[in-house]
Amino acid sequence: MKTGNTLKILSLALAAGMIFSACGSKEEIKTVATTAEGQEAIDETITVFALGDNLLHMPVVNSGKKEDGTYEYSHLFSKIQPAIKNADMAVIGQESVFGGEELGYSGYPLFNSPSDMGKTLLKEGFDVVLHASNHVLDKMTAGVENTLEFWEDYPHMTVLGINKDKESQREVEIKEIKGAKIALLNYTYGTNGIPLPESKSYLVDLIDEKAIETDCKYAEENADFTIAFMHWGTEYSIRPDKSQQALAKKMCEWGTDLIIGSHPHVIEPVDWIESDNGNKMLVYYSLGNYVSRQLEARNLLGGIANVKLKFDGKKVTIDDYEFLPIVTNYDTAYKNFAVYRLEDYSDKLAKGHGVARHDGAVSVERWENMVEEVFEGYDTHALKYN
């Protein structure tokens, strides 16, 4: 975990941001006004577009295999574009490691995916990749170290959740976007019982409240806004559990401004939290899976966090936010994978969905009802799907 007092600022080399409707070209969104004192007042829009877990079961892996033996996965993102490329900061949770072909490509229960997925993420416009997950040690330390070695060739990608040494673990990642300093944190609740070697305990950022408190307070002092990406919660629960709620309340008190969660393989609601010291924080408890070959309809319903921030030159605030439901589609042969926004999905596609043989027929209405069940009693302002 990045628990020291070293400040690392990475400049995000994007000229501008995404129009919030997720369409249009990359144009700089900047308004300059004059204050009463005659000084320029900045009004910048910063868009954060975050996807859930990229869960690469072998049918998903094989969907990208080409005749020459390489892999390419743009088909998994084509229905979501151009929102990814247009975002100021596009984020994805990479559930599986890029351990290399020598470790054997594999799916559940011990995942290892082609590093060509990483190349696709770069090509598709992602800026931040999250590697802190319960599957990060599936190929032991070699899997993590090979993943880090792969990313060394692409320094413009911000890699969170795994570290090459103690020094990098102590750094708090801070991106500078349009003049604003955005601190980024990433933790996982565990590693499926696979222990980290004592000599390499720095490899994975685990949830440790003392370390998280240190990170959050450092970020509060040195950044304008803090986003924490949490791999947490109870699998297959559509409600946040007590540990999520308790930790979220503490992180709000420590200065975190936005939490975006994943891990449960299902979506969970969005809510605002206010701590006793007056801090407010928006939390997406779980975006679920971005893509997978799971066999229940609820696991194929995911979400995207679309958050618009405003920077006035002094502070960053949340201006607007959305939860965009998505559906993973595949056929009865577990091929032809694609991810659609629910608003773009159709009953015609649903009729050929391969999940029907395991979990009954699916439809747009069935998934809409699932979304409404999750958000019942929570913040429905975020929900814009029809």
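Trainee: Which residues gather in that patch of negative charge on the surface?
Mentor: Glu101, Glu102, Glu149, Glu152 and Asp153 do. Keep in mind that this is a predicted model, where local features need pLDDT of at least 70 and side-chain atom pairs pLDDT 80 or more, while totals for chains, interfaces and linings use all residues. Residues are numbered from 1 along each chain as its sequence is written, and side-chain values use heavy atoms, leaving out hydrogens and water.

Trainee: What makes a patch here?
Mentor: Its residues have over 30% relative accessible area and no salt bridge, with like charges joined within 9 Å and nonpolar side chains (Val, Leu, Ile, Met, Phe, Trp, Tyr) within 5 Å. Areas are Shrake-Rupley values with a 1.4 Å probe, and for residues only the protein chains shown count as cover. Asp and Glu count as negative, Lys and Arg as positive, and His and the chain ends are not counted. Each charge is placed at NZ of Lys, CZ of Arg, CG of Asp or CD of Glu.

Trainee: Where is aspartate 153?
Mentor: In the loop between helix H4 (140-152) and strand S6 (158-160). Helices (H or I, at least four residues) and strands (E, at least two) are DSSP runs numbered from the N terminus.

Trainee: Is aspartate 153 buried or exposed?
Mentor: Exposed, at 60% relative accessibility. The cut-offs are under 20% for buried, over 50% for exposed and partly exposed in between, with a 1.4 Å probe and protein chains only.

Trainee: Switching topic, how many salt bridges are there?
Mentor: The whole structure has 12, each a side-chain nitrogen of Lys or Arg within 4 Å of a carboxyl oxygen of Asp or Glu. One of them joins lysine 178 and aspartate 88, at 3.4 Å from N to O. Lysine 178 lies in the loop between S7 (171-177) and S8 (180-188), and aspartate 88, 90 residues apart from it, in the loop between H2 (83-86) and S4 (89-94).

Trainee: Are those two buried or exposed?
Mentor: Lysine 178 counts as buried because its relative accessibility is 17%, and aspartate 88 is buried too, at 1%.

Trainee: What about lysine 310, which residue does it bridge to?
Mentor: Aspartate 43, with the closest N and O atoms 3.8 Å apart. That pair links strand S14 (301-311) to strand S3 (40-54) across 267 residues. Lysine 310 is partly exposed at 23%, and so is aspartate 43, at 32%.

Trainee: And how do S15 and S16 pair?
Mentor: S15 (316-329) runs antiparallel to S16 over four bridges; pairing requires at least two DSSP bridges. Isoleucine 326 sits opposite arginine 341.

Trainee: Which way do the S16 residues point?
Mentor: Ala338 and Tyr340 point one way, Val339 and Arg341 the other, and all are buried.
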